[in-house]
Amino acid sequence: LGPSDAASAHGLYAYCLWTKGQFTEGISEMKLAHELDPLSLVLSEDLGVAYYHARKFDQAIEQQHKTLELDPNYFFGYLRRGQAYSQKGMFKEAIDDLTKAQNLSGNFPAPIAELSCAYALAGQKSKARRMLNELNVRAQREYIDPYLTALVHTSLGDHDAAFEWLGKAYESRSPWIGWLKAEPKFDPLRSDPRFGTFL
């Protein structure tokens, strides 16, 4: 194995650890991956994601700063930094970053859903619902992962709707469903017995 192969192996192992809620171990593995391939945009971003899942939002933001220094047009860097800003309650910064991610991505669904979440958490629920409706309209002609819709409903405080869409995500085998145990935006659902059923 070359350094990039070893880096990928450690990075993928970190993903497995996160999905099990083993955040400290996941950070260690992703740090090792990043050290083996320090110029990789993806591994730099993913180290920030590791901090995000561990609820270490300041470190997540700092790491995504470094990612964006490698490539100022890397939309995932803005997406991930925006997520962390949102969880810290820094909604202006979150909305700015997530708007950049949306524009740079060419209206990819994930930044739109995350921006909708940020508006919801900032108390701007009408904007959040308007963006959610836009995603629902798009879903009539293209695939929009139900997991993203569940995230928005959770941020809006619509927990019954969130569980309905998590059910759809599960039924459609959403690739994101494995992040249930890790995603901070689902923290408001964790005390509900239905969440344990999904896990």
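Q: By how much of a helical turn are Glu164 and Lys168 separated in helix H10?
A: Bear in mind that this is a predicted model, where local features need pLDDT of at least 70 and side-chain atom pairs count only at pLDDT 80 or more, while totals for chains, interfaces and linings use all residues. Residues are numbered from 1 along each chain as its sequence is written, and side-chain values use heavy atoms, with hydrogens and water left out. Helices here are DSSP runs of H or I with at least four residues, strands are E runs of at least two, and both are numbered from the N terminus. Glu164 and Lys168 are four residues apart in H10, so the gap between them is about one helical turn.

Q: What is the closest N to O distance between Glu164 and Lys168?
A: The two form a salt bridge, meaning a side-chain nitrogen of Lys or Arg within 4 Å of a carboxyl oxygen of Asp or Glu. Glu164 is partly exposed at 47% relative accessible area, and so is Lys168 at 32%; the cut-offs are under 20% for buried, over 50% for exposed and partly exposed in between, using a 1.4 Å probe and protein chains only. Their closest N and O atoms are apart by 3.6 Å.

Q: How many residues apart in sequence are the parts that the Asp187 and Arg55 pair ties together?
A: The side chains of Asp187 and Arg55 meet in a salt bridge of 2.5 Å, N to O. Asp187 is in the loop between helix H10 (159-171) and helix H11 (193-198), Arg55 is in the loop between helix H3 (41-53) and helix H4 (57-70), so the parts they tie together are separated in sequence by 132 residues.

Q: Which residue is linked with Arg55 and Asp187 in a network of salt bridges?
A: Asp187 is partly exposed at 34%, and Arg55 is partly exposed too, at 27%. The network holds these two plus one further member, Arg190.

Q: Is Arg173 buried or exposed?
A: Arg173 lies in the loop between H10 and H11. Its phi is near 55 degrees, a positive value in a residue other than glycine. With a relative accessible area of 75%, Arg173 counts as exposed.

Q: What radius of gyration does the protein chain have?
A: The chain comes to 11 helices and zero strands, with 49% of its 199 residues buried. Its C-alpha trace spans about 45 × 35 × 30 Å along the principal axes. The radius of gyration is taken over C-alpha atoms, and the globule rule is 2.2 Å times the number of residues to the power 0.38. For 199 residues a compact globule would be near 16 Å, which agrees with the chain's own value of 16 Å.
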